[in-house]
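The sequence and the structure come first, and the description follows.

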Amino acid sequence: KRDAQVISTAEFCRKRGQELRKAYLDATSFDAGQKKKELKEVLRIKDIPALKKTNKTPSASGWDAVTLETSDGKLIPLWHRAPGKGVSDYVILSSPDGTNAFPLSFLNERRGKGTGVVVVDLSGTGEALSALSVSNDKLAKLHTLARANLWLGKTVMGEWVKELDVVTQFLLLEQKARKISIDGTGESGLAGLFLAALEGKIDTIILRGAPVSYLFDNREAVDFFTMGIHLPGILKWGDVSLAAALSGKDLTFIHPVTMSGQSVSGEKLEKFKLEFEHMRKVCGMKGGTAFN
């Protein structure tokens, strides 16, 4: 039997996380430039790759199959639909389940008033999925990929941030986009937020079913998100609210949840609203955060 004075791993993670969160929330000021540099280190991003080559296959349905080749040898598959006449705005859609996660009705809705749409398969999802990797994912989705990235000094989240940056390069350089929004589901929404915090090329961010904090809360549903969401040292750096503040952009959480997928509502949601607003003021940044 475990000695009663020796706490469980779950209890330790919860307790330590609360301690780190308290120190973070008690801070009265942040050096935005330094925090962005530290966020890059947490994401384990050394360099942002450049768009090297674009391969496009037009489709009769109006959607083009595009593969972006990056300067670091990666291929990023995506579907692209050009905006309507006189429109130069784009929305980038992403999900841990890949492009198949989006029904046609949702894609048509996101087109809005002729907005251009890009649906991207980030590494480990959709066409960028490794069947061999999936066959080894016995414990959690993206388990093998997440471990391999950590062994190589990378993180899945960091790789997704870099891939989303290359997609924005494609839209800005080749499609002459004027405004770019990211609409990300789950942890891919966080990747969009981190990109906005680091680069500032994104105008607005929507996070669907994404966590409002990295604080551990429930062991039973610890694998609600893929293993790719985890970032060693994130709570020592800050939290999601700090990334939102550093972005200086407007963002919207749709159905915000905890790290175990528990819905955040009522009094708990009100506290997070105050936290996100407080961090904007502490950092002296523009923008706002809405919760739906």
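The model described here is predicted, and it holds one cavity of 30 Å³ or more. About 30 Å³ of space lies in this largest cavity, and the residues that line the largest cavity are Pro49, Thr70, Asp72, Lys74, Ile76, Glu159, Lys162, Glu163 and Val166. Helix 6, which covers residues 156-174, provides the largest share of that lining, four residues. Sorted by class, the lining of the largest cavity has five charged residues, three nonpolar residues and one polar residue.

| Space | Volume |
|---|---|
| Largest cavity | about 30 Å³ |
| Largest pocket | about 470 Å³ |
| Second largest pocket | about 280 Å³ |

The largest pocket is lined by 20 residues, and those nearest its centre are Cys13, Tyr214, Phe216, Ile234 and Leu235. At least two residues of this lining are supplied by each of helix 1 (9-25) and helix 8 (234-237), and helix 1 gives the most to the lining of the largest pocket, with five residues. Twelve of the residues in the lining of the largest pocket are nonpolar, while five are polar and three are charged.

The second largest pocket holds about 280 Å³ of space. Its lining is made by 14 residues, of which Arg21, Leu215, Thr258, Lys268 and Phe272 are the closest to its centre. Helix 1 and helix 10 (266-283) are the elements that give two or more residues to the lining of the second largest pocket, and the largest share, four residues, comes from helix 10.

The last topic is the packing of two helices. Helix 7, made of residues 187-199, and helix 9, made of residues 240-247, pack at an angle of about 45 degrees, and their axes are 7 Å apart. That angle makes helix 7 oblique to helix 9, and helix 7 passes helix 9 in a left-handed crossing. On the side of helix 7 the contact is made by Leu190, Leu193, Phe194, Ala196 and Ala197, and on the side of helix 9 by Val240, Ala243, Ala244, Leu246 and Ser247. By class, the contact of helix 7 with helix 9 has nine nonpolar residues and one polar residue, with no charged residues.

How values were computed:
Residues numbered from 1 in each chain as written. Predicted model: local features only at pLDDT ≥ 70, side-chain atom pairs only at ≥ 80, totals over all residues. Heavy atoms only, no water. Axes fitted to C-alpha atoms, helices over the stretch in contact; angles between N-to-C directions. Parallel < 35°, antiparallel > 145°, perpendicular 65-115°, else oblique. Left-handed = near helix turned anticlockwise from the far one by under 90°. Contact = heavy atoms within 4.5 Å. Nonpolar A, V, L, I, M, F, W, Y, C, P; charged D, E, K, R; others polar. 1 Å grid on protein atoms, 1.4 Å probe; cavity = no way out; pocket = protein on both sides within 12 Å on 5 of 7 lines; lining within 4 Å. Points joined across faces, edges and corners; volume = space filled by probe spheres on them.
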